[in-house]
Each structure stands twice: as C-alpha cells, then as structure tokens.
Amino acid sequence: MQNARTITCPVKRDDGIRKAQSARPFVHVLADSSDKLSGICSALEQQFTVAGERLDAEAKLSQVPYAIVIRAELRDVGNIAAIKKRAAKLAKATKRIFLVEHSSHVCISQAYALGATLVLAGPLNKIKLLAALADPAEPALDSSGRSTQPDNAVETAATAIASMFTAVTMGEPLDVDGTKDAGRQIAERITEHGLSEWLATVRRHHEGTYQHCLLVTGLAIDFGLSLGVGRTDLERLYSAAMFHDIGKAQIPLAILDKPGRLDADERAMIETHPAAGYDFLKDHEKISPEILDAVRHHHEYLDGSGYPDALAGESINDIVRLLTISDIFAALIEHRHYKPTMSRTEAYNILCGMTGKLEKALVISFKEVALSR
C-alpha cells in the first residue's frame, strides 16, 4: 500500500453486495500520501463506494462523484498545483470536503480558494467526516420546492471571507472591491431566491466562523430589503456585514470554533475582535466611516452594556442596530456539529427577550425576516 498511487476500495464478487455497492453514493478521495489515502478510504468504505488517488499520480477520475474528499498539506505548492489540475472535475461534485491538519486561517482560506464547500480542520475525524457526507446526494429543497444546492454566490462569498482573514493574518493587501462584490452577489441571490434558501445552503455546506459571516450577511441583506432601504444603504449594509468580524482573524480558530462555553480568558480574547478589526481597516481608503463604525460597534447595546466602547442610545447608528440584530440571530441559528441547531422561532424569542438592549421597533420589524422569509 505504501507505494500505491491509485486505490479503489475492494468490492466483493457476490452479486447482491455488488449491487448494494453500486447503489451507494460515490466518493472520490485525493491525498498527498498513501497513508492518508488509505486512512480515508478505510473510514468511508462501509457507507460509500470509494475510489482514490494520490495527488502526484495521473488524474484517474472518470465519472462525476457525489463528493470529493481531499486531505493534503495546502502549504505545499506542488499539492496546490495538482489540485488545480483537477479543478474542472472537482467543480462538478456536489460536495468538496477538504481535510486540513493545520487549523489556521491561511490553510482554510487556501481550501476555499481551491473550491471547497466545507473545510474540516485537525486530525482525521471519522465521525465528523461521515456526518459531513451524510446528506443525501439529491439537493435538499426548501419549503417552496427550490433547490438548496450550493451556488456561485455562496462559494464566492466564502472565498472572499477566507481571503480577507488571510490578508489580516499574513499582512497582505485587502481585496475590498472583491469582498463588496461578493456581498452584492449574496444580495442578488437572496432577492431572486429568498432568505430561507440562503440560510439552508450555507448551513449545509459551511461551519464555524465562515458560516457565521455568511449567515450574518444574508440576514442583514434581507432585513434591509424587508425595510425597503435604498440601493446605497443596502450596499453599506452588506459591506458592513461582510467585514464585521474581520478582527477575528487574529484569534486562534481553536477558540473561535471551540465546542461549549468559553472560559474568562477566552471570552476576553474574543471581545478584542471589534477593535482589532477597526484598527486593521481604519486607514484603508476604500472603507467608509459607516463600515468602520459597524465593525467596531456591532456588539454595543442600547443600555450601554456592550463592548468595546460601552456606547448607549443615540450613539449607536441605524446600520449598527440592524447589523447587531442580524449578528445575534445568526449566532443563535448556526449549525454546529456538537449541538442541536436552534429553531428560528426560538432564536427570535430570545431577541424579543433582550429588552433595553436592542431597538424594540427593529426587533418587531425583524419578525418577518426571522420567521417567514
């Protein structure tokens, strides 16, 4: 096995078993070593029809799989080039799951840039991988019967957010225009297909910090649309939403995506992200004062109990008020593998209970977004 370049997981010759194998979803595995390749095949072969190849072998993929699973060192330019050579066929798979061993914004950003629909960081976790592959091969439908299959708007936005995080981490130039364009594509997608489809698609194909940013942007856009804001204000709103958590790029993913409750030190570190994001963006000529204000103050409350500046009342502008409601609601309805997903009704009831912290009239206006759209 050590010298194998291509692996097809064995199928017994009994006709009944052969038919059962062929009826199962087909998963293609790519890896940069035989050990990684055989490990993933072994984890999947009981539930899927599995074939695989090493990245340094000639591409063998002849049919479009339901999913592609890639486990490789993404700091290696040879691996990146090998994945890019397979890009056309990768793009046809419903799921493209990248397993990255280094839990860093840079590796995750690279995975999304290569076309990932989901990135799982850390050592191979069979249970988590099987759960990620467990959705049926047919695209899910929302309540209107429309497909929730991932589309270019989701992938463009995820790549933009990941690239934004990398720019902060690596000290590289920030692509402001690209990030705003991704927000515009989300707005067009939601205008055409509705909020529910966006939320369902994002939660099916992304998790952690990137999922949160995508959910917040979608919710903020739909909130603005429901209020009838003009085109200019909608652009301000989706731009603020796309950039609002950029300061989290300086916080380790182990804290950002930690299962369960944060301790006091971890919470204090999380609370540095609004000011950190503001400091990173404040000298950028393409970032408006309204966006800067939203990035710094989206965790402020009307009663002065928020952070980092304990603003209160009229000191908090309208865009921030809309963004804060969208941010809280998104955090409540996020899909996390370690806990049940909260229903939209339950999440809205929590918003209603935050008396004095959020503008009551806006919370009432948000009801349709939260429950019906």
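**Reading the salt bridges**

Tutor: Gladly! This is a predicted model, so local features need pLDDT of at least 70, side-chain atom pairs count only at pLDDT 80 or more, and totals for chains, interfaces and linings use all residues. Residues are numbered from 1 along each chain as its sequence is written, and side-chain values use heavy atoms, with hydrogens and water left out.

Student: What is a salt bridge, and how many does the structure hold?

Tutor: A salt bridge is a side-chain nitrogen of Lys or Arg within 4 Å of a carboxyl oxygen of Asp or Glu. The structure holds 19 of them.

Student: Where do Glu188 and Arg184 lie?

Tutor: Both are in helix H8 (residues 176-193), four residues apart, about one turn of the helix; helices are DSSP runs of H or I, at least four residues, numbered from the N terminus. Glu188 and Arg184 form a salt bridge, with their closest N and O atoms 2.6 Å apart.

Student: Is Glu197 buried or exposed?

Tutor: Buried means under 20% relative accessible area, exposed over 50%, and partly exposed in between (1.4 Å probe, protein chains only). Glu197 is buried, at 4%. Its salt-bridge partner is Arg189, with the closest N and O atoms 3.3 Å apart, and Arg189 is buried too, at 19%.

Student: Which residue does Glu368 meet in a salt bridge?

Tutor: Glu368 meets Arg373, at 3.8 Å from N to O. Glu368 is partly exposed at 43%, and Arg373 is partly exposed at 27%. Elsewhere, salt bridges that share partners join Asp32, Lys36, Arg71 and Glu101 into one network.

Conventions: Helix = DSSP H or I, 4+ residues; strand = E, 2+ residues; numbered from the N terminus.
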